[in-house]
Amino acid sequence: MKLFRYMASAMVAVSLLASCSDDVVAERRPGADSDPLTIKTQFGKNLVGRVTVDGQPRQGVVVSDGINVMTTDANGEYQMYTTGRQHVFISVPADCELPTLLGDPKFYKTLDYSDAAIIQRDFRLVSIPKKTEWTLFTMADPQIGNEKDITDFVGMIPRMAEFASSLPSNVYGISLGDIVWNKPEYFDTYAKEMRNIPVPVFSVIGNHDHNEGIKNDTESDKDFRDALGPTYYSVNIGDCHLVVLDDVFYRGVNGRNDYTGTITEAQLEWLEKDLSYVDPDKAVIIGLHIPTKRRNSSTHVTNNQALYDLVKDFREVQILSGHSHNHYTTTIASNITETTFAAVMGAYWYPLCNDGSPRGYGALDFKGNTLVNKYFIGDGCDRDYQMKLYRPEDAVLWNPSKNAGDPYDKILANIFCWHEDWTVEVKEDAGSWTVLPASARLIPSQNGGKCWDPDVRKCLVDGVIPANHGGSAPENNNDHMFLYTPQPGWQSVSFRATDSFGNVYTETITNN
C-alpha cells in the first residue's frame, strides 16, 4: 500500500499518546481539516471522530484511514490508532448526500499530526432518499501535459458538461486515471476545470499521475493525494458500492514508465475489510486505471485473481478502467465484467483513439443493483455514432502491408464498443438483414498480429507518426472490426449493431 512515513515511529507515537504532553512530529499541511477534541479518548488511540446525519449521531458508518476499517458506535463515534496516514475517510451511506467542497467529492478529512497527539475529525452528513436509479458519467485519460493539452481539454469541457447535464437525475462522475501527463502541477488546473461539469467526479490515480522525480511507490503519489484525496476508498450509491483502487505500483527508477500493474497486498486487505460491511446482494463497482484483464491481450494486473476472489460472491461486479486509449469489454466471470474506456484525449490529443474510435466519455445507468445501460459518446459526435464504415479502397488499410487503393473487394466496419454479446447484422441494397458470421470479425492473432483502423493509419505521414500526436500509432490488437464482401455493382451497404442492453446502432455506406 502507498504509505508515506512521518518522522514519528509507532513506539514514539504510543508514548506521546500516553503522556499527551508533546506533539507527534509530522509535516504541517496548509488548509488541513480541524475539529476540536470533544471525545473522551481510549488509551492507545490517537484518531477519533463523530459521524452525524442531520445533526444526529449515526451508528454503523464505515470509517477508515486506509488500513484500519471500522464502524461508528451508538454515539456515532470511532476511535483508532493511526500513523503515517494522510486521510481518514468514510464510506458514505446510501441514504446520505455525498459531501462536496467546491463541487469536488469530500468524503475524507486530512490528518495534521503537528498540533496535538490526539486528532479529531468529524463528518457531518445530510440525509437524502436512497437512490433507486442513478447514472455514472465516465471518462479516462485526460492526460494533460502541456499548455496546448490544457487548451484542448478546456475546449472539451463545455461539451462534457452538456452531456453530463443531459443525463437523468442522480449523476456522479469518475475519472479513471492519467489525469495529468507526469505534470503534478496541473492537478489543480484539472480540478478547477472539472468544476465546470455539474456533477461530483471521483478521481482514480494512473501511472502518469505519479511524480517521476520520486523513485518509489509510497511517496510518488503525494501530489495526487494533496490535490485529489485518497488513492483508494469507497462510497455507497443506491444499491451499489463504488470502490476506487490504485493498481499502479510505481518505481520510476528506470524512467517514468517503470511501473507494474499490481494491487498491493495492503490494499487488498483493506478491501476485504471494507467489503465485509457490504450486503452481497449489492452491485460492486470498481474503478481503477490499468485494466485487470484484456479480452484481446494476455497482459493483465499481476494479482487480478486475488481481486476477483474478493468480489466473486457479489450479485454483480462492474470493473471500469482506462490506460489503453481504446475500447474493449472483458467478461471475467458470469457476474464480473470489465469495461475499458477509450481516452478523453484520444491518442495524445489527436481526435481519434488508437483503435479508430473518437475520443470521448461514457455513461452507465444503474437501476437498483443492476447495470441497465452503458454507452460511449464521441466528443462532438451524435449519440448514435458508434461505428465507422470504410469502402474497399480504404478498408484494405486494416492490413499494414497494403496501401490505400490496392485491389480489394470488402467493406470494413469498425464497431467501437463491440463485445461478444452484441449482434452484428448487414443489409445490402434492398435486401434483408443478415447476421454476420463469427468469421467476419478480424482477429489480430489470426491475421499476422496486426489489425489497424484505416483512419488512424491515415494519420501517418510517409509511414511516420507525426510528433504532435506521437501516441497515435495504430492499435495492433484492434479486435472490433468486421469485413463484408458485397455483390458486384452494390449501391449501399448498412451495418446494424445491437448491444446487450438493446441499444441499436446503424450506419450506411454508399458506392459513389
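## The main core

The largest nonpolar core in this predicted model has 126 residues, and those with the most contacts inside it are Phe137, Leu245, Ile286 and Phe495. Its largest share, 8 residues, comes from helix α2 (residues 147-166). A nonpolar core here is a set of buried Ala, Val, Leu, Ile, Met, Phe, Trp, Tyr and Cys residues joined through side-chain atoms within 4.5 Å. Buried means under 20% relative accessible area (1.4 Å probe, protein chains only). Helices (H or I, at least four residues) and strands (E, at least two) are DSSP runs, numbered from the N terminus.

Apart from this core lies another, of 8 residues, including Tyr390, Trp398, Leu412 and Met481.

## Around Phe137

Leaving aside residues up to four places away in sequence, Phe137 touches Met160, Phe163, Leu167, Val171, Tyr172, Gly173, Ile174, Ile197, Val199, Tyr361 and Gly362. Contact means heavy atoms within 4.5 Å.

## Strand β23 and its partners

Strand β23 (residues 360-367) has 7 of its 8 residues buried, so the rest of the structure largely encloses it. Strand β12 (residues 133-139) runs antiparallel to β23, joined by 6 bridges; strands count as paired if DSSP finds at least two bridges between them. Trp134 has Phe366 of β23 as its bridge partner.

β23 also runs antiparallel to strand β24 (residues 370-378), with 8 bridges joining them. Here Phe366 has Leu371 of β24 as its bridge partner. The β23-β24 hairpin has 2 residues between the strands, and Gly368 takes a positive phi near 60°.

## Ground rules

Residues are numbered from 1 along each chain as its sequence is written, and side-chain values use heavy atoms, with hydrogens and water left out. Local features need pLDDT of at least 70 and side-chain atom pairs count only at pLDDT 80 or more, while totals for chains, interfaces and linings use all residues.

Definitions and conventions:
Buried means under 20% relative accessible area, exposed over 50%, partly exposed in between (1.4 Å probe, protein chains only).
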